[in-house]
Amino acid sequence: MTVSTSSKRAPNRSSGRTPGAGIRPDPRKRLISKIHVLKAQAKLDDDTYRDMLELTTGQRSAARLSFADLEKVVTRLGEATQVSPSMVGPYAPKLRALWLSAWNLGIVRNRHDEALTAFVKRQTGLEAVRWLRDAGAAKRAIEALKSWIEREGKVDWSAHPDNPRAAIVDAQWSALLGLGVIKRFAYGGTDQDMLASYGQAVTGKTALRWNSEEDWDALIRALGNKLRFELKRTASADA
């Protein structure tokens with residue numbers, strides 16, 4: 001008896017598909033991962049990071065943020081490394097460093113290069129920092145910015161003549177102490193002891209004197225985030 005072989009199984013078209021194919025990655029998880037990478041690059045300790053989150057979004061955990069808020073945080077963390085094309089020229093790095101110092105002291109509301117360009121224009125009449133080539137004009141702009149930072153930010157440049165970054169950090173720390181944010185050690189450590197301890201949490205260095213320029217910059221950013229958050233909270237409470 002002959003058995004018919006005309007009926008064949010239909011080919012399994014699903015075979016060969018990669019398991020999980022067609023499943024789109026969660027865009028929120030991608031942004032949260034990027035935020036943690038940027039946090040590490042900025043050397044933010046956990047408290048400073050969460051202060052920055054609250055200052056930017058009103059929440060202290062990235063897990064609670066909407067997609068739009070996560071994008072805001074990515075932008076905020078990424079801005080620290082961005083330099084606009086207008087910020088070039090022999091005097092641009094010095095001016096930009098001072099402007100960011102003012103931002104991290106809470107005395108500048110707009111950290112972006114356009115605001116610095118407007119400041120330089122008021123001092124020199126020039127439309128762009130890249131056009132600033134005259135040493136005398138550059139000195140006037142730089143000294144005007146330093147004097148303003150000294151007056152409004154309570155920065156004592158003379159205390160650290162060879163390390164202006166340390167002068168900025170001292171002023172930030174004094175401002176935070178004045179706001180009552182920093183709780184003094186129970187065993188009676190000095191303000192500088194507490195600053196060194198905080199600095200170690202940010203940079204991993206056990207003494208401030210071992211900080212590299214990058215370490216000082218990371219500490220200034222961390223303290224700046226904390227100081228701006230506290231100043232904003234204080235202003236809201238007084239309103």
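Predicted model: local features only at pLDDT ≥ 70, side-chain atom pairs only at ≥ 80, totals over all residues.
**View 1. Helices α7 and α8 cross each other.** Two packed helices are described by the angle between their axes and the distance between the axes. Here, α7 covers residues 164-178 and α8 covers residues 191-203; their axes come within 11 Å and cross at roughly 110°. Angles of 65 to 115 degrees count as roughly perpendicular, so that's the label α7 and α8 get. On the α7 side, look for Val169, Asp170, Trp173 and Leu177. Asp191, Gln192, Met194, Leu195 and Tyr198 make the contact from α8. Sorted by class, the residues of this contact come out as six nonpolar, one polar and two charged.

**View 2. The second largest pocket and its lining.** This pocket holds about 310 Å³ of space. Which helix gives the largest share of the lining? That's α9 (residues 213-238), with four residues. By class, the lining has seven nonpolar, one polar and four charged residues.

**View 3. Lysine 154, a residue with a positive phi.** Zoom in on the loop between α6 (135-153) and α7, and you'll find lysine 154. Its phi is about 60°, a positive value, even though lysine 154 is not a glycine. Is lysine 154 buried or exposed? With a relative accessible area of 67%, lysine 154 is exposed, as the cut-off for that word is over 50%.

How values were computed. Residues numbered from 1 in each chain as written. Heavy atoms only, no water. Axes fitted to C-alpha atoms, helices over the stretch in contact; angles between N-to-C directions. Helix = DSSP H or I, 4+ residues; strand = E, 2+ residues; numbered from the N terminus. Parallel < 35°, antiparallel > 145°, perpendicular 65-115°, else oblique. Contact = heavy atoms within 4.5 Å. Nonpolar A, V, L, I, M, F, W, Y, C, P; charged D, E, K, R; others polar. 1 Å grid on protein atoms, 1.4 Å probe; cavity = no way out; pocket = protein on both sides within 12 Å on 5 of 7 lines; lining within 4 Å. Points joined across faces, edges and corners; volume = space filled by probe spheres on them. Buried < 20%, exposed > 50% of the residue type's maximum accessible area, 1.4 Å probe, protein only.
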